[in-house]
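Please study the sequence and the model before reading each solution.

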Amino acid sequence: MTAPALPDTHPPAQKTWWQQNQQRLAPWLFLAPGIFMFMMYVIIPIFQSVNISFYEWDGLGEATWVGADNYIELMDDEAFYTSLKNNVIWLVLYMLAIPGGLLVALFLNQTVRGIRIYKSLFFFPFVISQVVVGLVFAWFYDPNFGLMNIALGWFGIEPIAVLANEDYVTYGIIAAGLWPQTAYCMILYLTGLNAVDPEQIEAARLDNAKGVKMLWYVILPQLRPATFIAVVVTVIGALRSFDLISIMTDGGPWGSSRVLAFYMYEQAFSEYGFRMGYGAAIAVVLFLIMMIYITGFLYKMYRDERGR
Amino acid sequence: MFPTPIEKTSSGAQIAYKIALPVALIVWLLPLIAVALTSVRSAGDITAGNYWGWPTSFNLIENYTAIFEQTPIGKYILNSFKVTIPTVIGAVAISCMTGFALAVYKFKGNLLLFFMFVAGNFVPFQILMVPVRDLTLDLGMYNTWYGLALFHIAFQAGFCTLFMRNFIKALPYELIEAARVEGISEIRIFWYVVMPLMKPALAALSVLIFTFIWNDYFWATVLTQGADQQPITAGLYSLNGQWVAAWHLVSAGSIVAALPPVLMFFLMQRHFIAGLTLGAVK
């Protein structure tokens, strides 16, 4: 389309170049800082990590191209399988936070005096740092004076050094992680329960639906958005587990409580030397596992967007 | 309401509920109560193994003064604020703009860009670790609060964009159209029409990001070292190593570290919860 080169007879209505094009340019102007930062610190590093995983590199000197060697080495690495196995245990057991959170939410979904304070105090564990949660639980498990072993003592059970025992250590750490995670799921469900349609509940009551049946057929379907978010944050939380392991056991005893996130960190920057390439290869594996969930999440979002 | 409101049940059930409530709370918070109690014990109690009995003396002031005098905990806390506050401001500012752009304008690649922010927000930290550390070293920002804050701003932009975009999308679009008809420029629409409506979203995001960043431990260990620059989470970890057996001090330190986000939560509870549900559950 060519604009007629006629002299404009209404000078006040004349639009500057910016005024004519602003609707097209404005979004990019608003997006520029965000895209720039996100590219620099998140998107490009992902590709760089994938690239580094094909090199042997100590982080300082020259990197040598080794092709798929790091990945081949991973396949024979006992510690890698231990970490992978622990990641699976984390993923599975962490899911307990969802029914756990629902249970607590149902317990607290009342209107008695002071219930608001109770709700916020139950949520407490999520607000404090995982470093503090880790210290608290390391202490709770202590074989000499930890509360858990004192309680076990009442039943005549010998003290168990949970964090020094290869078989129990991962479960002990997961239990610590479930504490804040359950609190998170509880809040999601409490908000969800608030939005449940009271008329449907009344209708179901007239049909004599009660207790578990009511929960399963009437309430849970309405809580689906809350459940979805709970699953997303719990999966991400399980795969991101690092802080608690670092604080409570440092991966021990003998590396038995490592997960991929922790093992990667250990390989990349530890006293065993800086193996950036090998660490990056572990990170890529973890990334691919996470990608399954991310893709699922994006797919659901895409469907919702189309549905609008 | 589900479950059945307790007022409509038998008086026996009502009494049982009123007893169960505080009991459940104490059990739930037992580990934390133990820490709070230990933080006021004397060193004598700790060596005597009196962890659970009544404290022989209450050393609240002594212990909390001791950690500030004998350790750099004050410095750690200051560092945490230096990282957290700029991150909150930066991430929220950036995402107001990205959220606005993605919610209001229709252009090619809109959804793709939005998904990039969302996906990036869920990525495991380890895939970013080595390149981000290198980038920070190259920029000469390794072991500085601003190096750490800059990374946090960029990473949190993902989550914040998701939140802001959905929030702005739910605002009445007619407002923007009306402003355009009036001939108001896009930038002024952003500032004078949309921003005033975003106050609840700003509050929600600010408290959430504050808590997330305050509690960050992983990036603090990757991008900083030493008491001069490390925030409280990393600081607490190293103090824990130095204070073996000084449990009354470790627990006092833990309480101090936990206090700012806890206060934040209590002051801005409703906003905090709105943020946590990702705006998806209303």
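**Exercise 1.** Determine which residues Ser49(A) touches, not counting residues up to four places away in sequence, and state whether Ser49(A) is buried or exposed.

*Solution.* Ser49(A) touches Ala280(A) and Val284(A), as well as Ile127(B), Leu128(B) and Pro131(B), where contact means heavy atoms within 4.5 Å. This model is predicted: local features need pLDDT of at least 70, side-chain atom pairs count only at pLDDT 80 or more, and totals for chains, interfaces and linings use all residues. Residues are numbered from 1 along each chain as its sequence is written, chains are lettered from A and ligands numbered from 1 in the order in which they are written, and side-chain values use heavy atoms, with hydrogens and water left out. Next, Ser49(A) has a relative accessible area of 1% and is therefore buried (under 20%; exposed is over 50%, partly exposed in between; 1.4 Å probe, protein chains only).

**Exercise 2.** State how much area chain A and chain B bury between them, and which three residues of chain A supply more of its share than any other three.

*Solution.* The two chains bury about 9,700 Å², 78% of it on carbon and sulfur atoms; buried area is the accessible area (1.4 Å probe) that two parts lose on being put together, summed over both. Phe30(A), Tyr41(A) and Trp139(A) supply 9% of the area that chain A buries against chain B, more than any other three residues. The contact involves 101 residues from chain A and 103 residues from chain B.

**Exercise 3.** Identify the side chains that meet Glu305(A) in a salt bridge.

*Solution.* The partner is Arg165(B), at 2.9 Å, N to O (a side-chain nitrogen of Lys or Arg within 4 Å of a carboxyl oxygen of Asp or Glu). Between chain A and chain B, the count is one salt bridge.
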